[in-house]
Amino acid sequence: MKKIWLEEGSPLAVYTARQAAALAERLPGLLVRYAMTYGNPSVADVLSELKAQGAGRLLVIPMYPQYAASSSGAALDKVFGQLLRQRNQMSIRTVSRFYDDAGYIDAMKNHILQYWAEHGRGQKLMLSFHGIPQSHYDLGDPYPDECRHTAGLLAEALELTENEYTVSFQSRFGRAEWVTPSTQDLFGKLPKQGVTELDVFCPGFLADCLETMEEIALMGREQFYEAGGKNYRYIPCLNDHPDWISALERLVKENLGGGY
């Protein structure tokens with residue numbers, strides 16, 4: 001794991017802190033804080049800090065563009081659970097998903113085009129999203145559909161044909177059936193189908209982390225080359241890209257309503 005660590009620490013922690021700091025600079029007079037569903041700073045600690053500083057209105061945006069009960073839902077459950085413990089609750093507004101937000105799509109388009117201009121472009125762009133068990137989808141979780149919708153909008157923005165991109169789902173584990181196609185399976189199949197130059201981007205991850213930098217950037221490269229691939233490019237997540245911070249700023253302002 002240390003091989004993907006940044007000098008300042010964990011990529012997820014570093015990039016999330018940078019996103020929050022950059023957003024705070026764009027929104028003077030507004031308290032901008034980030035919290036981790038399963039880590040630090042904890043949701044409980046951040047809510048206590050905001051309340052101590054006199055915050056009466058709260059906007060919560062889980063950093064998952066596509067809604068899944070296991071990600072966005074879990075994050076919001078954590079917030080709601082803490083608010084239930086407050087005698088005097090803050091007013092709250094949430095953004096449960098933004099998979100089709102124009103600013104988000106445009107930021108990804110600009111980021112990918114910039115990467116291609118600097119590093120070259122492969123035969124196909126793989127858009128890899130975190131997977132979920134098929135049973136979750138069968139019970140009504142909209143996540144896979146929202147992922148495919150995001151991918152379609154991004155492909156359209158990049159002017160890609162259907163043969164120039166593919167959508168897949170990563171991080172499968174256990175024996176249960178997961179939504180398909182599997183990213184890992186495609187790493188082995190694509191070279192045999194004549195795709196020897198592959199670019200991979202993860203639209204559902206807004207900051208690089210273990211699942212992107214190790215599972216995709218490192219292990220994915222090894223799998224692709226072992227299957228006969230010749231050129232593999234991992235395109236980093238949006239992280240603190242200025243266009244993404246601008247999109248996030250607009251998302252906040254739109255959902256805070258009048259007054260900001």
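**The sheet and its surroundings**

Guide: Four strands make up an open sheet, ordered S4-S3-S5-S6, with parallel pairing. The model is predicted: local features need pLDDT of at least 70 and side-chain atom pairs pLDDT 80 or more, while totals for chains, interfaces and linings use all residues. Residues are numbered from 1 along each chain as its sequence is written, and side-chain values use heavy atoms, leaving out hydrogens and water.

Visitor: Why are S4 and S6 said to stand at the edges?

Guide: S4 and strand S6 (231-234) each have a single partner strand, so one side of each lacks a neighbour in the sheet. Strands here are DSSP runs of E with at least two residues, and helices are runs of H or I with at least four, numbered from the N terminus.

Visitor: How do you know that S3 pairs with S5 and with S4?

Guide: Two strands pair if DSSP finds at least two bridges between them. S3 and strand S5 (residues 197-201) have four bridges, in the parallel sense, and six bridges join S3 to S4, also parallel; both pairs therefore meet the criterion. Leu125 stands opposite Asp199 in S5, and Phe129 has Phe169 in S4 as its bridge partner.

Visitor: What makes S3 mostly covered?

Guide: Six of the seven residues of S3 are buried, where buried means under 20% relative accessible area, exposed over 50%, and partly exposed in between (1.4 Å probe, protein chains only).

Visitor: Which strands does H4 lie across, and at what angle does H4 run to S5?

Guide: H4 lies across S3, S5 and S6, and runs at about 145 degrees to S5. Axes are lines fitted to C-alpha atoms, for helices over the stretch in contact, and angles run from 0 to 180 degrees between N-to-C directions. Helix H9 (residues 219-226) also packs on the sheet, touching S5 and S6, and its direction makes about 165 degrees with that of S6.

Visitor: What makes the pair Gln184 and Glu215 a polar contact?

Guide: Their side chains approach to 2.9 Å. A polar contact requires N or O atoms within 3.5 Å; within protein, one must be able to donate a hydrogen and the other to accept it, and residues adjacent in sequence count only if both atoms are side-chain atoms. The value lies within that limit, and the pair therefore qualifies. Gln184 belongs to helix H7 (residues 183-189).

Visitor: How do you know whether Ser171 is buried or exposed?

Guide: Ser171 has a relative accessible area of 11%, under the 20% limit, and is therefore buried. Ser171 lies in the loop between S4 and H7 and has a positive phi of about 65 degrees, although it is not a glycine.

Terms used:
Contact means heavy atoms within 4.5 Å.
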